[in-house]
Amino acid sequence: MISLAWYLPAIKAQGNNQVLTRKDYLVIALKYGFAFTCLLIMVTEIVWDGIVKRTGLSGLALNLVSDFFRAALLEEFFKFRGFILAKKKYALYRKIDYIMVAGLIGLMYGFFEKIVLGNIAAVIVGLLCPMHIIWQMNQGGHYFEHDKAKAAGDEKTAQKEWRLAVLLPFFFHGLWDSGLDIGAHLLEQPQTALQVIGIVLITAMVIFGVVYSVKTVRRACKIAREEPPVEKPNPETIPDTSSTDQPGISE
């Protein structure tokens, strides 16, 4: 699965300095990523679809409203709650583990979404720009800083990091989906000029998404390498199974 190529470099960068085991990752993926996050998103989005049919909205207007209040709001809420439940269950205390657990929730939902949608164009964009993984990785990093600042009594920093961890993914998600929908809408117009604008918009977004994703993964790898050694590395942690790095992802 190509999405793993974005996720695994930060696992590899930890070497033997890991706290979570392979079993931990598997349980988190299935229990908090799939059974909690994915299924609740699916149920609530079905309910949303039933409600929105009564509003009379259609076309681009419906897509834009759904981008923020169906996709961004519902998906980000349940992904965040799944991450928080896993964080508490495993008593996470290292920044890299916050990042990887949150990223794993995003990985599971991104995979689930691709299967459900079955849209080739959406799948291709999702593989090039794995935003569910990347948004959640950044969310985990910011939430670690939130917890750290809160423990230190720094409420101002804690509030700022909470906004970056919770509100930023919501707005980023809504704007991202809206941009893609606007681009697709322009491509369907008969005017060549509008079609060109649509192509330019989608191309620019994909380029931005790839750069943003690469930078996020590289930063996660750097954080992983800088984590203080754990006292007793767990022999069950995920081993280094690859001798080569993904181009442009890990250093």
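Which residues touch the most other members of the largest nonpolar core?

## The largest core

Tyr 7, Phe 83, Met 100 and Trp 176 do, in a core of 47 residues. A nonpolar core is a set of buried Ala, Val, Leu, Ile, Met, Phe, Trp, Tyr and Cys residues joined through side-chain atoms within 4.5 Å; buried means under 20% relative accessible area, exposed over 50%, and partly exposed in between (1.4 Å probe, protein chains only). Two or more residues come from each of α1 (2–12), α2, α3 (59–89), α4 (95–117), α6 (131–151), α7 (155–187) and α8 (192–226). The most, 10 residues, come from α4. Helices are DSSP runs (H or I, at least four residues), numbered from the N terminus.

Leaving out residues up to four places away in sequence, Trp 176 touches Val 125, Cys 129, Met 131, Trp 135, Met 205, Phe 208 and Gly 209. Contact here means heavy atoms within 4.5 Å.

## Confidence

The model is predicted; local features need pLDDT of at least 70, side-chain atom pairs count only at pLDDT 80 or more, and totals for chains, interfaces and linings use all residues. Residues are numbered from 1 along each chain as its sequence is written, and side-chain values use heavy atoms, with hydrogens and water left out.

The pLDDT (the predictor's confidence in each residue, from 0 to 100) averages 91 over the protein chain, and 91% of the residues score at least 70. Residues 241–251 fall below 50. Where pLDDT is low, the predicted coordinates should not be read in detail.
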